Amino acid sequence: MTSFKELIINKKIPQHIAIIMDGNGRWAKQKFGRNRIFGHTKGVNSVRTITEACRDIGVRYLTLYAFSTENWSRPLTEVNALMKLLVRTIRKETQDLKKNGVRLNTIGDIERLPQDCLQYLQEGIDETQDNKELVLTLALSYSSRWELTNAIRNIATDVANGALKPEDVNENLIQSYLATKNIPDPELLIRTSGEQRISNYLLWQIAYSELYFTETMWPDFGKEDLFKAIYDYQNRERRFGKTSEQLTIE
Ligand code: IPE
Ligand code: IPE
Ligand code: MG
């Protein structure tokens, strides 16, 4: 049987894929009758697998929604377990990321993270800063409205202090005030677990992204699932408002 990898590899690979990694809790409960934390722990394996797969096929940016602003409202035991898991994972994976050419990056209100978390994250970011193959961005304590609010506040401040004029505000300038300022917009956004919503993720950046929803829960999401999503993406016509005929002429 032909694999999806063979089908996609000689066609245009998206340079940026964003993923809403969803379904860890339900996966643990439905499949094993275990608690949600078990699902999060297994979800880390998918992060490793998908990061490797992306690097392998030449994706340049992978942005993973790992913890949202809204997730702070979960039970404290779950929040604490997630933070511990984050620390453990970063400590364990940093050397491999370094070796594999992956640069670690974060977006979000990370000052809200526990001190040890912040420290290991910073170490991971520093250790991998010269890597060039893939930028792995973890959205942590992130929400799009938080990001946009910050951007608007900073633009307003710069207008008030004279660094900017109101007429300087255009799409490129707004982009440069976002947490993703050095990252191109994702061509493809994947959400696992069957939910079909955006949950406050990258609202500005996904203006023209292709959306791909799958029933597969995040801990079950493997390389072939990723390649299948890319295959789906490659077979869409991205018109950006034009007509199909215009695209074939150009
Ligand atoms: C995604 O899985 C991981 C985080 C949000 C941290 P969930 O924890 O949302 O799992 P479900 O969606 O409840 O199954
Ligand atoms: C979105 O998943 C956030 C992350 C994947 C980190 P949620 O499970 O928190 O989103 P909702 O509650 O289904 O919208
Ligand atoms: Mg969820």
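## Basis of the description

Because the model is predicted, local features need pLDDT of at least 70 and side-chain atom pairs count only at pLDDT 80 or more, whereas totals for chains, interfaces and linings use all residues. Residues are numbered from 1 along each chain as its sequence is written, chains are lettered from A and ligands numbered from 1 in the order in which they are written, and side-chain values use heavy atoms, with hydrogens and water left out.

## Ligand 1

The shell around ligand 1, counted as residues with a heavy atom within 4 Å of it, includes M21, D22, G23, R26, H40 and R74. By class the shell has 3 nonpolar, 5 polar and 4 charged residues, where Ala, Val, Leu, Ile, Met, Phe, Trp, Tyr, Cys and Pro count as nonpolar, Asp, Glu, Lys and Arg as charged, and the others, Gly among them, as polar. Its largest share, 3 residues, comes from α2, a helix being a DSSP run (H or I) of at least four residues and a strand a run (E) of at least two, numbered from the N terminus.

Among the polar contacts (pairs of N or O atoms within 3.5 Å), an oxygen atom of ligand 1 lies 2.7 Å from a side-chain N or O atom of D22, and a polar side-chain atom of R74 is also found 2.7 Å from an oxygen atom of this ligand. The protein covers 88% of the 380 Å² of accessible area that ligand 1 has on its own, as computed by the Shrake-Rupley method with a 1.4 Å probe.

## Ligand 2

An oxygen atom of ligand 2 is 2.6 Å from an N or O atom in the side chain of S199, while a polar side-chain atom of R197 lies 2.8 Å from an oxygen atom of the ligand. Taken alone, ligand 2 exposes 390 Å², of which the protein buries 78%.

## Salt bridges

Side chains of opposite charge can pair when their charged atoms come close. With a salt bridge taken as a side-chain nitrogen of Lys or Arg within 4 Å of a carboxyl oxygen of Asp or Glu, the count comes to 15. One of them joins K31 and D220, whose closest N and O atoms are 3.1 Å apart; K31 lies in helix α2 and D220 in the loop between β6 (210-213) and α8 (223-234), so this pair ties together parts that are 189 residues apart in sequence.

Terms used
A polar contact is a pair of N or O atoms within 3.5 Å; within protein, one must be able to donate a hydrogen and the other to accept it, and residues adjacent in sequence count only if both atoms are side-chain atoms.
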